[in-house]
Amino acid sequence: MWNFIKWEVLQFIGNKKNQAVYIILLLLSLYYAVAVAPNYEPIEKVSRDEMQAAYDTREAFLESVEGRDQLYPLVEYAKFLFPDWNKLELQRVNALDEQDLAAYASATEDWYEFSNQTIYSSGDLFYYNPLYYTYGNRFAKDDGFYGYGYTASRFQDYTEGEHKLSYELFEERTAIQTLQRLLSDFLPFVILISSVVLTADIVLKDRRNPSLVKGFPLADWKRMFGKGIVAIVGSIAALFPLGAGLVLIGLREGFGDFMLGVPIYNTAMSIFNPGPELFTRIPMWEFLLLNLAFLTLWFVALVAVIILLSITVRLEFINIAVGLAIIFAEFLYFERAVSPFTDAYWYPTSYIQVGQVISGTRDFLYASQLFTMERGMLLVAGSAAVCILIILLITTNKRFSYTK
Amino acid sequence: MLELKQIGMQFQEKRVLDDISITFESGQIIGLVAPNGTGKSTLMNVIMNYLSPKQGQVIVGGALKYTSKPNEVKIHQVMSMMPDQNELYNHVSGKNHMKIYQTMWNSRPELIEDTITKLGMASYVKKKTGTYSLGMRQRLCFAMQIVSDTKIMLMDEVMNGLDPTHVEMISQILVEKKREGKTVIIASHLLENLEQYADKIYFFKNGKLHLADDLAPGFSAETVTTIRLPKVTAEETAKIAAKFPELAMQKLPNDTILIDIQQQTDEQITALVSFLVASHISDFHFGKVSLHDLYSMEYQ
């Protein structure tokens with residue numbers, strides 16, 4: 001068995017298509033590091049000018065209403081709030097002027113908590129950062145609410161933790177934070193597509209060399225198992241070329257550290273009850289490890305599906321088509337905030353974006369408490385187990401031959 | 001020991017294997033002779049269970065049958081078939097091809113170097129097989145099967161693309177394997193070579209296997225059985241037949257006449273020779289029916 005796996009590894013490495021996949025991933029990663037990452041514009045930037053402008057606007061407002069009575073209730077309300085808001089704003093500005101990053105982190109945490117509570121409960125009186133309101137976003141206020149809560153939690157961690165603070169850290173530009181952001185963005189798609197392409201021919205390639213392998217004294221189910229192991233390890237190895245880009249980013253922006261807190265959306269909390277408890281945090285290493293575990297589970301499931309198709313349908317094109325269909329299926333039914341009207345939380349395909357599932361963003365987007373990591377992992381593992389069982393049943397049939 | 005029991009195989013209307021029952025003993029080289037497309041490869045594929053016969057059973061070692069997947073694995077542990085040279089992995093070296101066969105069958109590792117030396121492959125065996133010539137690929141396929149070191153070896157057209165030197169090299173290794181007690185079944189068109197090394201030769205015809213000795217009694221014997229007349233006219237043939245009506249004469253497609261003298265007395269043979277000389281037929285030879293003769297008789 002071990003010898004067969006070694007042989008398959010040799011085939012896998014020598015396969016030109018696989019080599020191309022790794023090279024493309026490496027180039028993509030370098031392109032991202034050189035051309036895309038430097039242009040990253042976070043919504044929650046460290047911008048003294050913006051803070052000063054906001055401060056000045058509120059100050060001007062306060063001066064304009066100073067000494068006036070019988071004000072319109074909403075104006076009165078603003079007059080009541082703005083001094084506290086500006087006090088926090090001024091603390092942030094002063095901290096930046098003094099280059100006191102710890103003070104800036106502490107003030108920023110307070111500012112985001114205060115702002116979030118104020119804006120979300122103010123009806124249409126106050127607005128979040130305008131960048132949440134782009135492209136006709138119907139859920140801008142919710143996104144702002146999530147974004148401010150997330151940022152508050154992040155800055156709480158910077159205040160309480162023992163991290164090397166920097167502007168890059170505050171804007172999530174360090175290598176590890178970039179990885180964290182991408183895991184909640186398009187990276188799972190890239191990784192899982194790579195896995196599908198790497199695996200598509202792992203069984204069917206033997207149909208080109210049947211006389212070489214057919215007679216091996218090894219049971220077909222063991223061969224499938226061996227091929228599956230190689231495909232999964234090969235898929236995990238696809239993460240390494242991506243690491244090259246992260247190293248480049250790390251050299252430029254700093255690497256960050258594995259103890260950084262990653263905010264996890266607390267699904268049990270009501271969206272109408274903003275506050276620091278809306279997000280809990282887990283260490284970065286745990287977040288990355290959970291992502292790796294979930295992605296590995298997906299590799300197992302995708303590899304199992306592709307092997308099953310390879311011994312039944314036996315068309316490489318179908319392997320790729322079905323693999324991609326699984327990865328992108330959620331786009332067919334995804335709709336925001338439809339939790340009461342959907343059973344999508346029972347579909348394994350709703351858990352492709354592993355970073356978002358782990359961080360609770362998926363729950364937030366569906367306005368649900370049901371798209372949990374645990375449920376996702378169980379569904380994906382269950383699907384993989386069913387496929388593996390069917391593979392076992394087929395390959396132990398005495399009439400079966402996968403090279404026909 | 002390999003036993004075939006009532007093996008039958010049919011492709012649409014064509015019956016390729018017709019109720020074949022035969023036993024191949026250990027320590028023998030078995031030759032299978034037939035034109036292309038008559039069923040040799042089908043038979044080998046059935047023996048390996050790459051094709052399931054419509055009827056019959058393959059029995060290995062007296063008891064093992066293809067009744068389950070675990071049994072198939074057990075059988076393949078003791079029986080292998082030479083790979084097709086067109087199916088080598090071009091990006092993998094010859095030595096790595098041999099290594100996988102050695103490791104998959106868990107045979108002695110030193111067999112690799114030993115076989116490389118015997119087949120004169122040292123100069124190229126570490127190169128990728130994509131750079132190999134036809135003969136080099138063929139030798140590699142043979143070497144792969146040799147390092148698998150199974151008790152039963154099936155080889156389809158093992159001598160294809162080989163020059164006489166390498167044919168002889170491979171033949172010597174086959175004889176060695178036979179001495180080790182292995183059963184080697186070879187389908188080949190190199191008739192002289194088969195005739196020289198095979199212990200038994202079977203002809204494939206109409207889906208059945210015919211032992212050469214049954215087709216030409218005394219084929220394997222070391223005695224003179226035949227007078228061969230390669231250049232006789234029809235008139236001369238008629239004269240011989242008229243003079244010796246009791247003689248069994250056979251005309252081959254190349255106009256050679258074979259006279260069976262196994263049942264003839266010394267006096268009768270002397271009379272025949274005297275007649276040939278008196279008739280100015282000087283080109284005749286005493287000997288046996290060759291494999292070429294039999295092939296001509298059966299297939300041309």
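## Basis of the description

Two residues are in contact if their C-beta atoms, placed from the backbone, lie within 7 Å. The model is predicted, with local features requiring pLDDT of at least 70 and side-chain atom pairs counted only at pLDDT 80 or more, while totals for chains, interfaces and linings use all residues. Residues are numbered from 1 along each chain as its sequence is written, and chains are lettered from A and ligands numbered from 1 in the order in which they are written.

## Interface between chains A and B

Contacts join 20 residues of chain A to 23 residues of chain B. On the chain A side, α1 (2-14) and α10 (210-213) each supply at least two residues; helices (H or I, at least four residues) and strands (E, at least two) are DSSP runs, numbered from the N terminus. The largest share, six residues, comes from α1(A).

## Sheet of chain B

In chain B, four strands form an open antiparallel sheet in the order β2-β1-β4-β5, where pairing requires that DSSP find at least two bridges between two strands. Because β2 (14-24) and β5 (64-65) of chain B are at the edges with a single partner strand each, one side of each has no neighbour in the sheet.

Five bridges link β1 (residues 2-11) of chain B to β4 (residues 55-60) of chain B in the antiparallel sense. Within β4(B), Q55(B) is the residue opposite G8(B). Helix α1 (residues 40-47) of chain B packs on the sheet and touches β1, β2 and β4 of chain B.

Note on methods. Axes fitted to C-alpha atoms, helices over the stretch in contact; angles between N-to-C directions.
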